[in-house]
Amino acid sequence: MTDICAMPATDLAEAVRRGEISPVDVVQAVSDRMDAVEPVLHAFCTTTIDLARSQAEDLARRIAAGEEVGPLAGVPVGIKDLVATKGIRTAMGSKAYEDFVPDEDDIVVERLKAADALIIGKTNVPEFGYSGVGHNPVFETTRNPWNPAMTPGGSSAGSGAAVAAGMGPIAVGSDGGGSVRIPSAHCGLFGMKASMGRVPLYPGCRDERYPGASSWESLEHIGPMSRTVADSALMLSVMAGPDPRDRHTIPTSDVDWTGCLSTGVEGLRVAFSPNLGYAAVDPAVREVVQNAVSVFEKELGCDVEQADPGFDDPYAAFWGIVALDTDLRGMRRLAAENEISPHLADFLARPWTAEDLTDAAMTRKSVNNKMWRFMANYDLLLTPTLTVPPFPVHMQGPEKVDGRMVPSFQWLSFTLPINMTGQPAATVPAGWTEDGLPVGLQIVGRHLHDETVLRAAAAFEAAAPWHNRWPALIRP
């Protein structure tokens, strides 16, 4: 492994700013890593190494001239293919958009460019993000660096695989039902969705001209994925902040994204829910997560007790909210004209009624109310991130977990509700199974208490570090 590909974004940006590493050399190192592992992983559906090299050359000239450069100077970043990139194909895993090139950047892409990050490509997704895995009708299936026979999770599938394999220390994900946390958990990474409205979205989820791309408005978050907590905190310091193009955004002046990481969590009141009262959980996940939770109590000084928020499984209501946010007329037209994923075809073919949608809205209100009342007694809620370790590619999810028959999306039981509430939530690598597959621990905070989640993640990382553990695929 080259030193550049192993460096955290925080260290890499500092070395580039000081002139110790050339940003052009950074691009070359990442390009070499792509050449080595992309034929196996297929993390990127569109690469932009020439663009990154041009950005790097310009950055090098500015540094040589003594100009001030951005906080992500010379850091390679992959952009999820649901996030608009001006002049770069954004296919969204769909035949309907196979050759679509946006005429504007998403807000987060504008901000990453302004921070002098280097755009190395678009990372692969399931069609329109309506899935937690990494295959679609257009591109090769993305695979997990820890075991290429397994899924990396999704919908930010390529972002997870890219960072886990050292193709850039950071990547952009989006999270409507867990899609930052899912692949981060399956790929042994840190990933976070901040409180709803912290990071603005546009045109993603907001532009009514593009069926499919305009979905998930009341659930979606943009979030960072990285090998360290500090790298994601640095990304959030760049990406967060209000923008008039997104009516949901809120001020972030009360969040010190990077300064909060060293303050610790001693004395915090922490609830641990191993199954939210209803989820079937794989025994290997239970064991790894239980051991991780014990770190909070025995080493970090938290007051931990087992407790459930008290809501019933909101799985059906979640999909009702997705339907309410979806341009059903427009997407049904696309489905009639293009090959689409079978699970998406089934979703669109369902005869959604007004009662289905209003029932879903009422359930979301109930989940929110139960959750804020529950969180009034706790600073954090800990759960498994997912009910299962990584499973084979070309599945939507296991049909049997811990001896129980379950719906194919049941493995997302812990992530979906937190999109309904809009709370900040992160996943940290809790450990690995006996066969070497990553397992995530989800850390949920009170609404708008983003710093508490980051503090907890950083404290756990210090107590149980993971960032130097790499998949065998890329070990020297």
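Analyst: **Charges, fold and interior**

The protein chain carries 39 positive and 60 negative side chains, and the centres of the two sets lie 3 Å apart. Lys and Arg are counted as positive and Asp and Glu as negative, while His and the chain ends are left out; each charge is placed at NZ of Lys, CZ of Arg, CG of Asp or CD of Glu.

This is a predicted model, in which local features need pLDDT of at least 70 and side-chain atom pairs count only at pLDDT 80 or more, whereas totals for chains, interfaces and linings use all residues. Residues are numbered from 1 along each chain as its sequence is written, and side-chain values use heavy atoms, without hydrogens and water.

The protein chain has 15 helices and 13 strands (DSSP runs numbered from the N terminus: H or I of at least four residues for helices, E of at least two for strands). Its radius of gyration is 21 Å, close to the 23 Å from the globule rule for 476 residues, so the chain is as compact as a globular protein of that length. That radius is taken over C-alpha atoms, and the rule is 2.2 Å times the number of residues to the power 0.38. Along the principal axes, the C-alpha atoms fill a box of roughly 60 × 60 × 45 Å.

Of the 476 residues, 65% count as buried (under 20% relative accessible area; exposed is over 50% and partly exposed in between, with a 1.4 Å probe and protein chains only). Among contacts with a separation of 6 or more, 77% join residues 24 or more positions apart; a contact means heavy atoms within 4.5 Å. The accessible surface comes to about 16900 Å², and carbon and sulfur atoms make up 48% of it.

Now the interior itself. In soluble globular proteins, nonpolar side chains tend to be buried together. Here the largest nonpolar core has 128 residues, and F296 and F347 have the most contacts inside it. Such a core is a set of buried Ala, Val, Leu, Ile, Met, Phe, Trp, Tyr and Cys residues joined through side-chain atoms within 4.5 Å. Neighbours within four places in sequence aside, F347 is in contact with Y130, W319, V322, A323, T326, L328 and W352. Another core lies apart from the largest one and has 18 residues, including V27, F44, A56 and I120.

A463 belongs to helix α15, residues 450-463. It is partly exposed, because its relative accessible area is 31%. Not counting residues up to four places away in sequence, A463 touches V295, E299 and L300. A463 and A292 are 171 residues apart in sequence, yet 9.9 Å separates their C-alpha atoms.

Some backbone details follow. The peptide bond from G154 to S155 is cis, with omega near 0 degrees; S155 sits in the loop between β3 (118-123) and α6 (157-164). Y202 and P203 are also joined by a cis bond, with omega about 0 degrees, and P203 is in the loop between β5 (190-193) and β6 (221-226).

D116, which is not a glycine, has a positive phi near 70 degrees. It lies in the loop between α5 (107-114) and β3, and it counts as buried because its relative accessible area is 10%. D402 likewise has a positive phi, about 50 degrees, without being a glycine. Its place is the loop between β10 (400-401) and β11 (404-405), where D402 is partly exposed at 41% relative accessible area.

How values were computed
Accessible areas come from the Shrake-Rupley method with a 1.4 Å probe; for residues, only the protein chains shown count as cover.
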